Amino acid sequence: METGVEERLIIKFVRTGKLRISQFPNLGIPCEKCGANIKSGRLCGKCGNSLVTDLQAFENEEKRLTEIQGNDKKNTYYMKDEQKG
Ligand SMILES: [Zn+2]
């Protein structure tokens, strides 16, 4: 399929920023995660959002761990204080 090869080339050019997908109104590039047709970037809105959600979850987890560690330190310190006093 000749068009298939051309489409791939176009997708490559779009991904590398050499072409704008808006120049090809009938063409979309597949989302790298789910394959949905998108017009720019690498991920569709849905996958982009879930990526953001993943990132936020990761950041929240980091924050939570930091807080737990902070609390542990406080507790340890407090306990030491109690033992002393
Ligand atoms: Zn997607």
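**Notebook: salt bridges and the zinc site**

I looked up Glu61 and found it partly exposed, with a relative accessible area of 35%. My classes are buried for under 20% relative accessible area, exposed for over 50% and partly exposed in between, with a 1.4 Å probe and protein chains only.

I note that this is a predicted model, in which local features need pLDDT of at least 70 and side-chain atom pairs count only at pLDDT 80 or more, while totals for chains, interfaces and linings use all residues. Residues are numbered from 1 along each chain as its sequence is written, and side-chain values use heavy atoms, with hydrogens and water left out.

**Entry: the pair in α2**

I found a salt bridge between Arg64 and Glu61, with 3.1 Å between the closest N and O atoms. I took a salt bridge to be a side-chain nitrogen of Lys or Arg within 4 Å of a carboxyl oxygen of Asp or Glu. The two residues, Arg64 and Glu61, are three apart in helix α2, so about one helical turn separates them. Helices (H or I, at least four residues) and strands (E, at least two) are DSSP runs, numbered from the N terminus. Arg64 is partly exposed at 44% relative accessibility.

I counted three salt bridges in the structure. Glu32 pairs with Arg15, the closest N and O atoms being 3.5 Å apart. That pair links distant parts of the chain, with Glu32 in the loop between β1 and β2 and Arg15 in helix α1 (residues 2-15), 17 residues apart. I have Glu32 as partly exposed at 42% and Arg15 as partly exposed at 35%.

Arg42 also forms a salt bridge with Glu32, at 3.2 Å between the closest N and O atoms. Arg42 sits in the loop between β2 and α2, ten residues from Glu32. I list Arg42 as exposed, with a relative accessible area of 54%.

**Entry: the zinc ion**

Which residues are the protein donors of the zinc ion? I found Cys31, Cys34, Cys44 and Cys47, each through SG, lying 2.3 to 2.4 Å from the ion. Donors here are N, O and S atoms within 2.8 Å of the metal (3.2 Å for Na, K and Ca); water is not among the atoms, so sites may look incomplete. The site is tetrahedral, with angles of 105 to 115° among the four donor atoms. Four donors count as tetrahedral if all angles lie between 85 and 135 degrees.

I read the donor spacing in sequence as C-x2-C-x9-C-x2-C. Cys34, in the loop between β1 (29-30) and β2 (37-38), and Cys47, in helix α2 (residues 45-84), are 13 residues apart and link distant parts of the chain. Cys34 is partly exposed at 46%, whereas Cys47 is buried at 8%.

Conventions:
Four donors count as tetrahedral if all angles lie between 85 and 135 degrees; four count as square planar and six as octahedral if opposite donors are over 155 degrees apart and all others between 65 and 115; anything else is irregular.
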